Amino acid sequence: MLTFAQIYLAMQTAAKKIQMVDLISQYEKIQTEIDAAILNVVRSSAYINGPEVKSFQAEMEKYLGIKHVIPCANGTDALQIAMMAMDLKPGDEVITADFTYVATAEVIALLGLKPVLVDVYPGTFTLNIEAVKKAITPKTKAIVPVHLFGQCAEMDELMKLAKEHSFYVFEDVAQAIGADYTYPDGKKVKAGTIGHIGCTSFFPSKNLGCYGDGGAIFTNDDEVAKKIRMIANHGQSVQYYHDVVGVNSRLDSIQAAILRIKLRHLDEYAVARQKAAAFYDKALGNHPKIKIPVRSKHSTHVFHQYTLVLEGADRDKLREHLASKDIPAMIYYPVPLHLQKAYRDPRYKEGDFPVTEHLCRSVISLPIHTELSEETQSYIVAAVLEFLK
Ligand SMILES: Cc1ncc(COP(=O)(O)O)c(C=O)c1O
């Protein structure tokens, strides 16, 4: 039988296996603060909407440079509540990217709105502006740009279109929290503060992740903020008086306490991810079968994912090869929205979104997180290059 010491050692080794995101090592560095913060909430009994939630909200507002942050239960709710707050009605068209996480399209469909899908740029994976222009109709009421993998869509172009055609912009900033967007005049703002409403997720693996589910909604508009708060709280602003149909979407106090600590580290976490990305770029950037992530001219990249596009190599076999060496790799995303069973629509068929379809066949995301060492990256890179030889 194994001794306790042997089991412990095996557990430690297992915990240090290469991860897509190493949340344990990250936690170990801030463990004292996190443990104390959790205990503090437990001892306070203010589990819902307590002072930790209020303080996190204020600190996040300051970090983003925005008037209102409304915490909620998750990023999917954030998108849904944003659309409810702007009174979008069944049949209204909402444009979004075909290449995204399903949540974006899910809430559009759930509210009876009509998702209008458009293709993305092959390099930055963000909304193709020309494709957006073609998708606009008199029924377009909103657009959801997804700042995929950690950098912003071309927000100034989208805001111009929104003004011209009178529709709302809901930024899905779940993967790009902390990124800076630079306007053509050089003005810098935080991702998620440009559109009418910004929506984010604090899912544990996100750049700013809690230890459960969490999300938030951002806006500079006082009236919209009031409405969002009301909707997120069963449609009431005075208890037991329900003015609109709402939902129950709250951020737990324990999660808020954790997020307050992690927010203080968010910029340094982005630097660690950027450093890891630069290492991969240097090691893989010259390979003829690999396209490394293209940096947008308008946005910093906070590398929620480090995603390669493979040309002339079998992506799935590479993933198997990496797995045989205990290296995880993920496919974000294997199926375009228009080919998902739940979102099949006679308006769309295979071949309609060639960039997205190609990306779904050829992207692969390598481990990237705040605790990745150069030794581990060298091992990963060597395995990738060995396969492509
Ligand atoms: C782009 C994007 N939007 C929305 C969401 C939904 O967030 P949540 O899982 O917190 O509901 C995610 C989360 O994975 C996401 O990546």
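Residues are numbered from 1 along each chain as its sequence is written. Because the model is predicted, local features need pLDDT of at least 70 and side-chain atom pairs count only at pLDDT 80 or more, while totals for chains, interfaces and linings use all residues; side-chain values use heavy atoms, with hydrogens and water left out.

We can begin with helix α5. Two packed helices are described by the angle between their axes and the distance between the axes. Helices here are DSSP runs of H or I with at least four residues, strands are runs of E with at least two, and both are numbered from the N terminus. The axes of α5 (residues 75-85) and α9 (residues 222-232) come within 9 Å and cross at roughly 120°; axes are lines fitted to C-alpha atoms, for helices over the stretch in contact, and angles run from 0 to 180 degrees between N-to-C directions. The two helices α5 and α9 are therefore oblique to each other (angles under 35 degrees count as roughly parallel, over 145 as roughly antiparallel, 65 to 115 as roughly perpendicular and the rest as oblique). The crossing of α5 and α9 is right-handed, a term used if the near helix is turned clockwise from the far one by less than a right angle, with anticlockwise giving left-handed. On the α5 side the contact is made by Ile81, Met84 and Ala85, and on the α9 side by Lys227, Ile228, Ile231 and Ala232; contact means heavy atoms within 4.5 Å. By class, six of these residues are nonpolar, none polar and one charged (Ala, Val, Leu, Ile, Met, Phe, Trp, Tyr, Cys and Pro count as nonpolar, Asp, Glu, Lys and Arg as charged, and the others, Gly among them, as polar).

Helix α5 also packs on α6 (103-110). Their axes come within 9 Å and cross at roughly 40°, which makes α5 oblique to α6. This crossing, too, is right-handed. Thr76, Leu79, Gln80 and Met83 of α5 meet Ala103, Thr104, Glu106, Val107, Ile108 and Leu110 of α6, a contact of six nonpolar, three polar and one charged residues.

Next come the open spaces. The largest pocket has a volume of about 520 Å³. On a 1 Å grid over the protein atoms alone, a pocket is an open set of points with protein on both sides within 12 Å along at least five of seven lines, a cavity is a set where a 1.4 Å probe fits but cannot get out, and lining residues have an atom within 4 Å of a point. Grid points are joined across faces, edges and corners, and a volume is the space filled by probe spheres set on the points. Of the 30 residues lining the largest pocket, Tyr101, Gln175, Ser201, Phe203 and Lys206 are the closest to its centre. Two or more lining residues come from each of α5, α6 and β8 (197-201). The lining of this largest pocket divides into 14 nonpolar, 12 polar and four charged residues.

The second largest pocket holds about 290 Å³. Its lining includes Asn49, Gln57, Pro71, Arg229 and Leu251. The elements giving two or more residues to this lining are α4 (51-64), β1 (68-72) and α9, and α4 gives the largest share, three residues. Five of the lining residues are nonpolar, four polar and three charged.

There are two cavities of 30 Å³ or more. The largest cavity has a volume of about 50 Å³, and among the residues that line it are Asp22, Gln26, Lys206, Arg273 and His369. Helices α2 (23-29) and α10 (253-284) each supply at least two residues of that lining. The second largest cavity has about 40 Å³ of space and is lined by residues including Phe125, Phe149, His301 and Tyr306. Its lining has five nonpolar, four polar and no charged residues.

Some backbone details complete the picture. Phe149 lies in the loop between β4 (140-144) and α8, and its phi is near 65°, a positive value in a residue other than glycine. Ser45 likewise has phi near 65°, in the loop between α3 (31-44) and α4. A cis peptide bond, with omega about 10°, joins Tyr332 and Tyr333; Tyr333 lies in the loop between α11 (315-324) and α12 (354-362).
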